[in-house]
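Here are my notes for your read-through. Please keep the model open beside them.

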Amino acid sequence: YHDKHARAALVVITVEDRFFLVDILELERKTMLNTSAPLDQPYLELIKQICEARHLLKVVHYLEGTALRALQLALISEEQRHGDEKPSNYSSLSPCIDVALVAAYLAGTSAGKCKELPGLVWKYLRQDLCVTEALSNFEHRPLRESQEHYALCLAWCPLVILRACCSYDLV
């Protein structure tokens, strides 16, 4: 997080009750190997369109400045990320519900006090969230199954917490 060029390596997209783990780094690697125009990255445009689609609700947990910047940097080319010429604008994530803000509202506190996802998982779902892979290197390939599982859990938990809050008319 201290690298100004740090970026997201994975994005999880959920459609109904199905979760898709999108490995941005692997897509970049395959594009570089299999195309005559290595800077042609149509998958980045597709992910940007999903992030910016007004009809698709995005559910996140504690999407503060550093995490948002990492996602935005993942959605531009390597050349733009390290070059002098920056993109004219970065992708937005809209519409978006941040479960940390929902939990903060319900607790009458700030989002910073609701940023620990394992605590929210316990509070709202009475489940433990294993954080063994939290500090692992998600840029090293191949990913371990436990890393993939952790990434999917990070996407699943905020969604289920929000569903629980809505089901019980908490929000």
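**Notes on the predicted model**

1. Glutamate 45 and lysine 48 form a salt bridge, with the closest N and O atoms 3.8 Å apart. The model is predicted, and the cut-off for a salt bridge is 4 Å. Both residues sit in helix 2 (residues 42-52), and because they are three residues apart, about one helical turn separates them. Glutamate 45 is partly exposed, at 40% relative accessible area.

2. A search of the whole structure finds five salt bridges. One of them joins the side chains of aspartate 23 and arginine 141, at 2.6 Å from N to O. Aspartate 23 belongs to strand 2, while arginine 141 is in the loop between helix 6 and helix 7, so the pair ties together parts 118 residues apart in sequence. Aspartate 23 counts as buried, at 17% relative accessibility.

3. Helix 1 (residues 24-34) holds both glutamate 26 and arginine 29, three residues apart, or about one turn of the helix. Their side chains meet in a salt bridge of 2.6 Å, N to O. Glutamate 26 is buried, with a relative accessible area of 18%. Arginine 29 counts as partly exposed, at 41%.

4. Strand 1 (residues 10-15) and strand 2 (residues 18-23) run antiparallel and are joined by six bridges. Valine 12 has leucine 21 in strand 2 as its bridge partner. The two strands form a hairpin with two residues between them. Check glutamate 16 in the turn: its phi is positive, about 55 degrees.

5. At the start of helix 3, a side-chain oxygen of glutamate 64 comes within 2.9 Å of the backbone nitrogen of threonine 66. Helix 3 spans residues 65-74, and its buried residues include Ala70, Leu71, Gln72, Leu73 and Ala74.

6. Which residues touch the most other members of the largest nonpolar core? They are Leu117, Leu120, Val121, Tyr124, Leu125, Leu129 and Ile161, in a core of 18 residues. Helix 5, helix 6 (117-125) and helix 7 are the elements that give two or more residues to this core. Helix 7 provides the largest share, seven residues.

7. Valine 160 lies in helix 7 (residues 145-167). Valine 160 is buried, at 18% relative accessible area. From valine 160 to valine 99 the C-alpha to C-alpha distance is 9.9 Å, across 61 residues of sequence.

8. Tyr105, Leu106, Tyr168, Leu170 and Val171 make a nonpolar surface patch of about 570 Å². Tyrosine 105 is in helix 5 (residues 99-107). Tyrosine 105 is exposed, with a relative accessible area of 63%.

Terms used. Residues numbered from 1 in each chain as written. Predicted model: local features only at pLDDT ≥ 70, side-chain atom pairs only at ≥ 80, totals over all residues. Heavy atoms only, no water. Patch = residues over 30% accessible without salt bridge, like charges linked within 9 Å, V, L, I, M, F, W, Y side chains within 5 Å. Areas by Shrake-Rupley, 256 points an atom, 1.4 Å probe, with all protein chains shown as cover. Helix = DSSP H or I, 4+ residues; strand = E, 2+ residues; numbered from the N terminus. Buried < 20%, exposed > 50% of the residue type's maximum accessible area, 1.4 Å probe, protein only. Polar contact = N/O pair within 3.5 Å; in protein donor to acceptor, adjacent residues only side chain to side chain. Pairing = 2+ DSSP bridges. Core = buried A, V, L, I, M, F, W, Y, C linked by side-chain atoms within 4.5 Å.
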